[in-house]
Amino acid sequence: MTAAMATAPERAATGPRVVLSARGLRRDFAGFVAVNNVDLDIAHGTIHALIGPNGAGKTTVFNLLTKFLAPTSGTITLLGKDITRTPPAKVARLGVVRSFQISAIFPHLSVLDNVRVALQRPGGLGVQFWRSVSALDALTPRAMELLEQVGLADARNRPAGDLSYGRKRVLEIATTLALDPKVLLLDEPMAGMGHEDVGTVSAIIRAAASDRAVLMVEHNLDVVADLCDWITVLQRGEILAAGDYATVSSDERVKVAYLGTDNG
Amino acid sequence: MTDLTLSRESAGAAGPLQWALLALAIAALLAAPFVVYPIFLMKILCFALFACAFNLLLGYTGLLSFGHATFFGGAAYFAAHAVKVWHWPPEAGILLGVAGAAVLGLVMGFFAIRRQGIYFAMITLALAQMFYFFCVQAPFTHGEDGIQGVPRGELLGFISLHEPLNMYYFVVAVFLIGVFAVWRIVNSPFGMILRSIRENEGRAVSLGYSVANYKLAAFVMSAALAGLAGALKAIVFQFATLTDVTWQMSGEVILMTLLGGIGTMIGPIVGATLVVALQNTLATSGFPVTIATGLIFMACVLVFRRGIVGEILARLPERHSKQ
Ligand SMILES: Nc1ncnc2c1ncn2[C@@H]1O[C@H](COP(=O)(O)OP(=O)(O)O)[C@@H](O)[C@H]1O
Ligand SMILES: [Mg+2]
């Protein structure tokens, strides 16, 4: 644990530009400490994995970073600015955008509309109640560009709820990317996906990370090894280890706690 | 299924068939007073507009308000008072009613919007009851008597609304404007956000939408349009009474909307027409109205949850998939 606490600030000083960082993050649920003393630094241009057994507190960390839950204590800063008390929609507008463990799409809207909803806000189109919905046609080219990037252009007119599971996740990522976030938080983006989809999504995430910071929860260690520059291991709400894949995978405690339980 | 119907409806692509039906409906409205009593038609139109305004909130935003009588009845009092005591022209009285209802909506919405589901409904009910007791006590409402003998006055200073047909066509115009406003809001960029909030609130937040503000805006718009209906009713019937601010009135508009079909444009209009017609029939038969409405309510919940229009649309899958 001491090693983990030392690594995060150390890395902040020497590594690539840190965009989002957390210090001493803690969250209690009626006496139960779900997340305790978590330090994180998410850097621009990197993919950061958050791994750990089920119930370790990964989703809770996501909820804290995006302010869907208020931290019991600790601070969160975005580009040096304290956002610990900022409401969730504002955090999203500042550029920290998340996906959800259970895929979050608007099932009865078309695939195209799902993306357009995300594109709508910046131009102030969200509040225009007096205009026809055809005002959104101006966003279609950009939305189609995003859909083409993720290979969903052919499905643009289908209700999003009709897509296969894997394509729903891809749509969710495309919608998130529509906001051009500074920090992209992906909660198990590939869970339950077939091999082919995993490859597609990996490529999308890699491309997205070239110009932003990515934090992702992922159980598939092959994906983590292949994709992620930095790994933080969480266990019972606390950081067990942090470092690159080689460091973390050779850590004895990680082997026992995580690899041991998960891979038999 | 209802929602898919909705998504096509909301795509804003009204085909030639829809336009033809709309033209037919308007023609029927214009001809109707020569066949049916105008006063009965006007009552239907006022309640239909009320139900459409309510549906903006329930059907398109997913919020169940149990306090909409406040806006309907409150606006009726404001309009009646302005026209009778201050001698305002009817259109100004109606606008005051709309503005007053919007302010009441802002207050009620402010307190209710952060709560979910049944808690939201309970807060709106509690605040509506407070407004009811305010109306019982406040001198300008004249308590149990209400504001009686409101002159219909002259529209724009020269069209006498005491002339039944003038009054009727004015009501038709206001009704059409009100329904158009609901349709426009639902099929606007803003309406798109309301739909996404209803479909997945957390996702809307994560896309940066301050959901509470959107809900509050929808609440105020719904309140203002409900106020338009209430103020119009006060001018038509020339009185404003406590009946329109009771919780029963809030329940009635829920019933109309559910019966016709939530989340459809014409459902609330159909629902309001049936309920008003039923009340008129029962009023002469002696059968208790409350029992009848209770039975309808149960039928809605148990048998046809989509409402009449919703069920019909759901049974026309072919027509809709072609569009
Ligand atoms: N809203 C909540 N209320 C109470 N307990 C919660 C809540 N959210 C998460 N927890 C608990 O916190 C722990 C961590 O959960 P979570 O963050 O979802 O884990 P992970 O995503 O790593 O599987 C679990 O024991 C879970 O039961
Ligand atoms: Mg989780």
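A: The dialogue that follows takes up the interface, the sheets and the salt bridges in turn. Please keep in mind that this is a predicted model.

Q: How is the size of an interface expressed, and how much area do chain A and chain B bury between them?

A: The size of an interface is often given as the accessible area lost when the parts come together. Here chain A and chain B bury about 2,600 Å² between them, and 66% of this area is on carbon and sulfur atoms. Three residues, A:Phe106, A:His108 and A:Phe129, supply 25% of the area that chain A buries against chain B, more than any other three residues.

Q: How many residues of each chain are in contact?

A: On one side there are 36 residues of chain A, and they are in contact with 28 residues of chain B.

Q: Which kinds of contact does the rule find across the interface of chain A and chain B?

A: It finds 15 residue pairs in polar contact, both residues being at pLDDT 80 or more. Salt bridges across this interface number 0.

Q: Which helices and strands of chain A supply at least two residues each to the side that touches chain B?

A: Among the elements that do so are helix H3 (88-94), strand S6 (96-98), helix H4 (111-120) and helix H6 (165-178) of chain A. By class, the side of chain A that touches chain B has 22 nonpolar, 8 polar and 6 charged residues.

Q: How does one read a sheet, and in what order do the 6 strands of the open sheet in chain A stand?

A: In chain A the order is S6-S7-S8-S3-S9-S10, and the pairing is mixed. The edge strands are S6 and strand S10 (238-243), each of which pairs on one side only. On average, neighbouring strands of this sheet are turned by 20 degrees against each other, direction ignored.

Q: How do strand S3 and strand S8 of chain A run, parallel or antiparallel?

A: Strand S3 (residues 47-51) and strand S8 (residues 213-217) of chain A run parallel and are joined by 4 bridges. A:Leu50, for instance, stands opposite A:Val217 in S8(A).

Q: What lies across S6 and S7 of chain A?

A: Helix H6 of chain A does, running at about 160 degrees to S7(A), the strand of residues 183-187. H6(A) also supplies at least two residues of the side that touches chain B.

Q: In what order do the 4 strands of the other open sheet stand?

A: In chain A their order is S2-S1-S4-S5, and the pairing is antiparallel. Its edge strands are strand S2 (32-43) and strand S5 (81-82). Helix H2 (residues 58-65) of chain A packs on this sheet and touches S1, S2 and S4; the direction of H2 makes about 115 degrees with that of S1(A).

Q: How many bridges join S1(A) to S2(A)?

A: There are 8 bridges between these antiparallel strands, and A:Arg27 stands opposite A:Val35 in S2(A). S1(A) and S2(A) form a hairpin with 2 residues between them, and A:Ala30 in the turn has a positive phi of about 45 degrees. S1(A) also pairs with S4(A) over 5 bridges in the antiparallel sense; there, A:Arg26 has A:Ser73 as its bridge partner.

Q: Why can charged side chains pair, and which residue meets A:Asp41 in a salt bridge?

A: Side chains of opposite charge can pair when their charged atoms come close. In this model, A:Asp41 meets A:Arg23 in a salt bridge of 2.9 Å, N to O. This pair links distant parts of the chain: A:Asp41 is in strand S2 and A:Arg23 in strand S1 of chain A, 18 residues apart. Over all chains, the count comes to 14 salt bridges.

How values were computed: Residues are numbered from 1 along each chain as its sequence is written. Chains are lettered from A and ligands numbered from 1 in the order in which they are written. This is a predicted model: local features need pLDDT of at least 70, side-chain atom pairs count only at pLDDT 80 or more; totals for chains, interfaces and linings use all residues. Side-chain values use heavy atoms; hydrogens and water are left out. Contact means heavy atoms within 4.5 Å. Buried area is the accessible area (1.4 Å probe) that two parts lose on being put together, summed over both. A salt bridge is a side-chain nitrogen of Lys or Arg within 4 Å of a carboxyl oxygen of Asp or Glu. A polar contact is a pair of N or O atoms within 3.5 Å; within protein, one must be able to donate a hydrogen and the other to accept it, and residues adjacent in sequence count only if both atoms are side-chain atoms. Ala, Val, Leu, Ile, Met, Phe, Trp, Tyr, Cys and Pro count as nonpolar, Asp, Glu, Lys and Arg as charged, and the others, Gly among them, as polar. Two strands pair if DSSP finds at least two bridges between them. Axes are lines fitted to C-alpha atoms, for helices over the stretch in contact, and angles run from 0 to 180 degrees between N-to-C directions.
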